[in-house]
Amino acid sequence: MSKRCSHCLQDLPIEVFGKLKASPDGLRTQCKPCEIKGTKNYRKANPEKVKAWDHAKYQRQKEKIKARARANYAKNPERQKANGAKWNAAHPEAHLVILRNAKARRRARLGEQRHERISARQYNRLIVRDTHCYLCGKKNNLSTNSIDHVTPLSKGGQHVYENLRIVHSRCNKSKGNRLVSLPFQWEIGA
Ligand SMILES: [Zn+2]
Ligand SMILES: [Zn+2]
């Protein structure tokens, strides 16, 4: 049995087509290689959309993923530690956010100041609100974002929604611990 792929137009064995209950022959119209290629191209062409989807998917499955990670860690802590270090090195921006949240939690435990870890919902609100980086005025880029504390933590600023802005990590680094006043249009409340 063979079937013509609607994309590459080759007659191919039905085994190379994915299943689709809703279609008359129970198969998808494109062959698997074409679908994989299509998905890859789409992901490459729409990085921001894909990132938002992946993020939403992670939020939905977070508890399951975390439980699995804990079980894996218990099974082989040394290998998991090494994998963790590798992941951190490969994702410096994400690692920075994780470290910062951890630092905020640690401070909160110590009672130094009112610190909260921002929720996923708040993070999403930040992304929607802060389309532009207030430090340079240019459009934010989801893949090079970082979270800035308008009033730095070291100067008494809090890790709360109102004090957070999405900025380029490059701009965040060059701002450092300085106090930068917000241009008028960025004076947004909660
Ligand atoms: Zn094909
Ligand atoms: Zn910037």
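# Strands, burial and a core

Colleague: Strand 5 and strand 6 pair in the antiparallel sense over 5 bridges. What makes two strands a pair?

Modeller: DSSP must find at least two bridges between them. Strand 5 and strand 6 have 5 bridges, so they count as paired. Within strand 6, R165 is the residue that D148 stands opposite. The model is a predicted one: local features need pLDDT of at least 70 and side-chain atom pairs count only at pLDDT 80 or more, while totals for chains, interfaces and linings use all residues. Residues are numbered from 1 along each chain as its sequence is written, with chains lettered from A and ligands numbered from 1 in the order in which they are written.

Colleague: How many helices and strands are there in the chain?

Modeller: The chain has 6 helices and 6 strands.

Colleague: Why is L27 called partly exposed?

Modeller: A residue is buried if 20 or more other C-beta atoms, placed from the backbone, lie within 10 Å of its own, exposed if 12 or fewer do, and partly exposed in between. L27 has 18 C-beta neighbours inside 10 Å, so it counts as partly exposed. L27 belongs to strand 4 (residues 27–31).

Colleague: What makes strand 5 mostly covered?

Modeller: In strand 5 (residues 145–149), 5 of the 5 residues are buried. N145, I147 and H149 lie on one side, S146 and D148 on the other. In a regular strand, side chains alternate between the two faces of the sheet. Across the chain of 190 residues, 11% count as buried.

Colleague: How do you know that helix 1 is hardly covered?

Modeller: Among the 14 residues of helix 1, the count of buried residues is 1. Helix 1 covers residues 32–45 and reaches 20 Å from its first C-alpha to its last. The expected span is 1.5 Å times one less than the number of residues, and for helix 1 the expected value is 20 Å, to which its reach is close.

Colleague: Which residues form the largest nonpolar core?

Modeller: Its 6 residues are C133, Y134, I147, L164, I166 and V167. Strand 6 (residues 164–168) gives the largest share, 3 residues. A nonpolar core is a set of buried Ala, Val, Leu, Ile, Met, Phe, Trp, Tyr and Cys residues joined through C-beta atoms within 7 Å. In soluble globular proteins, nonpolar side chains tend to be buried together.

Terms used: Helices (H or I, at least four residues) and strands (E, at least two) are DSSP runs, numbered from the N terminus.
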